[in-house]
Amino acid sequence: MLTPVLTVSYEAKIAFLFLSTLEFAVGILANAFIVLVNFWDVIKRQPLSNCDLVLLCLSITRLFLHGLLLLNAIHLACFQQMKDPLSHNYQIIIMLWMIANQVSLWFATCLSLLYCSKVVRFSCALLLQCSSWISRKMPQVLLGAIFFSAICTALCFADFFSRTCLTVTAALPMNNTELGLQIKKLHFFYAFLFCNVGSIPSFLCFLLSSGILIVSLGNHMRTMKIQTGDSRDPSLEAHIKALVSLVSFLCFYVVSFCAAVISVPFLMLWHNKAGVMVCIVMMAACPSGHAAILIAGNTKLRRAVEAVLFWAQSSLKVRTDHKTDPRTIC
């Protein structure tokens, strides 16, 4: 016997769609702001720094990520019935989200490598050369990340569509049977694991560079205490800002990945739509939250926010003065 299907109420679906739309709006605004600020510098023909270039690529990827999450939420709430096997379109949306999440992780790894090369003072000659090479060749590093992601994407899609054709052929004689549904579930679970294998190298590189930053911060603080009796130093602020950005991304990514993993048994075994909805809300909150932290920790983006707020405040004040001026009353 199949697992009983657990449905959700109409009010729960409305609340889920409202939260998903709200997270989509916040994420789009935050990431689109980062893209527009850096794109405006390109229009003015001002050179982008390596950090700006990485943030631009990361934000563009997250725009697609938020769009896929919103499509996922709409399809789950309005079209996907838990008593039925996952539709082909819904599986494609999930696969595209996993690929976009993998590309986002690669760009975050590039950001951590850049912070590591800029902030950490290496004593080893080999590490010093690697750090200098990363600082000079960051555009090539980004191209390498895009190339590796493209290879993983091609492999994921080739495996997914080949197994889909094989599953349809094998399950055709036993359509609408429990064995046929189990074959489709096994195929989806295998595709989920296969698409996440490409995230292992980038995640290990991210952990390694973040660990080096943490060790460097500890060594720097001990050195400053021994020399001056104080742990405050201009480079200490750079260490802390870099670590806040990286540690926050690590926390967000772990939460998002755990939510994605937990959603699989909710979706395939327990047929619990409410559990899947909670997981999707958690997954959508992570890229939005990290984008806000990146804006708060970046001097250029923070100044752009202040300029926008000052312009909005000035415009509102002009409109208010215009309305209250008696000479404007007919």
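This briefing covers a pair of helices, the cysteines and one serine. The structure is a predicted model. The count of disulfides in this model is zero. Helices H2 and H3 run roughly antiparallel, and Ser 216 is a buried residue in helix H7.

**Helices H2 and H3**
- Two packed helices are described by the angle between their axes and the distance between the axes.
- Helix H2 spans residues 50-78 and helix H3 spans residues 88-119; their axes come within 9 Å and cross at roughly 160°.
- Because angles over 145 degrees count as roughly antiparallel, H2 is roughly antiparallel to H3.
- The crossing of H2 past H3 is left-handed.
- In the contact of H2 with H3, 23 residues are nonpolar, seven are polar and one is charged.

**Cysteines**
- A disulfide is a covalent bond between the sulfur atoms of two cysteines.
- For Cys 110, the closest cysteine sulfur belongs to Cys 57 and lies 8.3 Å away, which is too far for a bond.
- Cys 195 is also in no disulfide, with the nearest cysteine sulfur, that of Cys 156, 3.1 Å away.
- The cut-off for a disulfide is sulfur atoms within 2.5 Å.
- Cys 110 has a relative accessible area of 2% and is buried.
- Cys 195 is buried, with a relative accessible area of 2%.

**Ser 216**
- Ser 216 is part of helix H7, which covers residues 199-228.
- Its relative accessibility is 13%, so Ser 216 counts as buried, the limit being under 20%.
- Apart from neighbours within four places in sequence, Ser 216 is in contact with Val 120, Arg 121 and His 239.

Notes. Residues numbered from 1 in each chain as written. Predicted model: local features only at pLDDT ≥ 70, side-chain atom pairs only at ≥ 80, totals over all residues. Heavy atoms only, no water. Helix = DSSP H or I, 4+ residues; strand = E, 2+ residues; numbered from the N terminus. Buried < 20%, exposed > 50% of the residue type's maximum accessible area, 1.4 Å probe, protein only. Contact = heavy atoms within 4.5 Å. Axes fitted to C-alpha atoms, helices over the stretch in contact; angles between N-to-C directions. Parallel < 35°, antiparallel > 145°, perpendicular 65-115°, else oblique. Left-handed = near helix turned anticlockwise from the far one by under 90°. Nonpolar A, V, L, I, M, F, W, Y, C, P; charged D, E, K, R; others polar.
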